[in-house]
Amino acid sequence: MSVLIKGGRILTAADDYVADVYAEDETITLIGESLDVAADKVIDASGKYVLPGCVDPHTHLDMPFGGTVTIDDVESGQTAAAFGGTTTHVDFVIQPQGSTFAQALDEWRAKADGKQVIDMGYHMAVTDLKEGGTLEELASLPDEGVTSYKLFMAYKGALMVDDETLFRTMEVAAETGALVMVHAENGDAIDVLVKKALAEGHVEPHYHALTRPPETEGEATNRAIQLARVAGCPLYVVHVSCQESVEPIALAREKGWDVWGETCTQYFFVDYSFLERPGFEGAKYVYTPPPRARENQDVLWNAVRTDILSAVSTDHCAFLWDGQKTMGRDDFSKIPNGAPGLENRLQMIHEFGVRAGRITLNRMVELLATSPAKLFGLYPRKGTVAVGSDADLVVFDPEKRVTITAASQHSKSDYNLFEGTEVTGSPDAVLLRGKVLVENDELVAQPGIGRFVARAKFGEELRPGRVPA
């Protein structure tokens, strides 16, 4: 199939110009003015932006957590992503205790089989190097296109690893070309604070934040940075939420160390006060790290503007408020941690980042597409508009007005973090490898169109034709 997108304003991390884009056999083959070529489908993009499909490096679909499972499976989560202009994401395979990494990867791939609406890769979340996976097996994953290891420094008794496991994984990453990702919170200190709060009878949702103070995030961020420096591996700090964790990342990057960080859409908009909403509504905003004091929002905007933080993800980890979040009505520590967000990242960052004058259009593309693609071994096949790249494209109408609501979203979650927010600018058409996924606010492709993408090792480029080993 061939497609010609005519007269759009093409935006990449570096470029801004008006041209036509022609794609054939899944890749972009021509870019130029007034292209005179025949195509199976023609899209008029006059007055609209043509962006690379966004890349979300941090999602949790069909994931067991806290005695339940996230409400979005691969099909519903990726459908939401497609409507929001995201055409590739990297999901987390959570290694169950006692399982090998191969067993965990097979389990996650089976969950996705036949359901994929967009392209995806996997990170491996390491939880057990004693009775489950081995260092040798971990070292083999990058050759299979799984080129990032995730470690939780929190959730004691569940997902949390000790510093020995963290450091040994970092050493493997340094040898194999993998990127280490950390959920940076001091899980031991948090465990003490949670038990103390419950013993004193504090069960309300806002104690989720009071028992996870920003200093626990800052300490763990700095500890991970220093250990990565000793091990000689690159480090990526996920869901940075506050000044206490921005500061050590800024210092490391100023020194030229191989340290990167992301924040998530919700941390720009949701603050601690949301957790105090009456009627247990605060439980909607229980995710980790928790919503912080409002003054951190300006810190985060400055960090993404100045490249202290290099990407904006969603950490999409959706639950039902009524039926899943309510598991913790009498105990905040039993509220499943997570929130939806895959569908609204581009809309929200465009509205409050670009239109509000905080970042440029080029920086928006860099944060949502190009930088995640580069960091996670997908570039230049993904994350840019260039000849030879996959024809993952978003025709974005900068004047399209939308009111964000749970009623209109495609996630199965029964609430939306940004309920009632009015934005100007939204995707008009979304293409995956030259095939239209979304058009006229309808999904026009069938599940199964998406593929697993074997990613390149850290610092290497992903070229067409790479397949899993």
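Predicted model: local features only at pLDDT ≥ 70, side-chain atom pairs only at ≥ 80, totals over all residues.
Two strands count as paired here if DSSP finds at least two bridges between them.

**View 1. The whole chain, before we zoom in.** The protein chain has 11 helices and 19 strands. Its radius of gyration is 21 Å, close to the 23 Å that the globule rule gives for 469 residues, so the chain is as compact as a globular protein of that length. If you're setting up a box, the C-alpha atoms fill one of roughly 70 × 50 × 45 Å along the principal axes.

**View 2. β12 beside β13.** Strand β12 (residues 179–183) and strand β13 (residues 235–237) run parallel and are joined by 3 bridges. To find your way around, pick V182: its bridge partner in β13 is V237. Strands of a sheet pair through backbone hydrogen bonds, either parallel or antiparallel.

View 3. Follow the strands across and you read β6-β9-β10-β11-β12-β13-β14-β15, which makes 8 strands in an open sheet with parallel pairing. At the edges stand β6 (54–59) and β15 (311–313); each has a single partner strand, so one side of each is left without a neighbour in the sheet. From one strand to the next, the twist averages 30 degrees. Helix α2 (residues 101–112) packs on this sheet and touches β9 (86–94) and β10 (119–125). The direction of α2 makes about 150 degrees with that of β10.

View 4. Strand β1 (residues 2–11) pairs with strand β2 (residues 16–24) in the antiparallel sense, over 8 bridges. The hairpin of β2 and β3 has 2 residues between the strands, and in it D25 takes a positive phi near 55 degrees. In a regular strand the side chains alternate between the two faces of the sheet.

**View 5. α4 crossing α7.** Helix α4 (residues 163–176) and helix α7 (residues 214–231) have axes that come within 9 Å and cross at roughly 45 degrees. The handedness of the crossing is right-handed. On the α4 side the contact uses D163, L166, F167, M170, E171 and A174, and these meet R223, A224, L227, A228, V230 and A231 in α7. Sorted by class, the contact comes out as 9 nonpolar, no polar and 3 charged residues.

**View 6. α8 alongside α9.** The axes of helix α8 (residues 243–254) and helix α9 (residues 295–305) come within 10 Å and cross at roughly 25 degrees. Angles under 35 degrees count as roughly parallel, and α8 and α9 are therefore roughly parallel to each other. α8 passes α9 in a left-handed crossing. In this contact Q243, E244 and V246 of α8 meet N296, V299, L300 and A303 of α9. By class, that gives 4 nonpolar, 2 polar and 1 charged residues.

Technical notes. Residues numbered from 1 in each chain as written. Heavy atoms only, no water. Axes fitted to C-alpha atoms, helices over the stretch in contact; angles between N-to-C directions. Helix = DSSP H or I, 4+ residues; strand = E, 2+ residues; numbered from the N terminus. Left-handed = near helix turned anticlockwise from the far one by under 90°. Contact = heavy atoms within 4.5 Å. Nonpolar A, V, L, I, M, F, W, Y, C, P; charged D, E, K, R; others polar. Rg over C-alpha atoms; globule rule 2.2 N^0.38 Å. Parallel < 35°, antiparallel > 145°, perpendicular 65-115°, else oblique.
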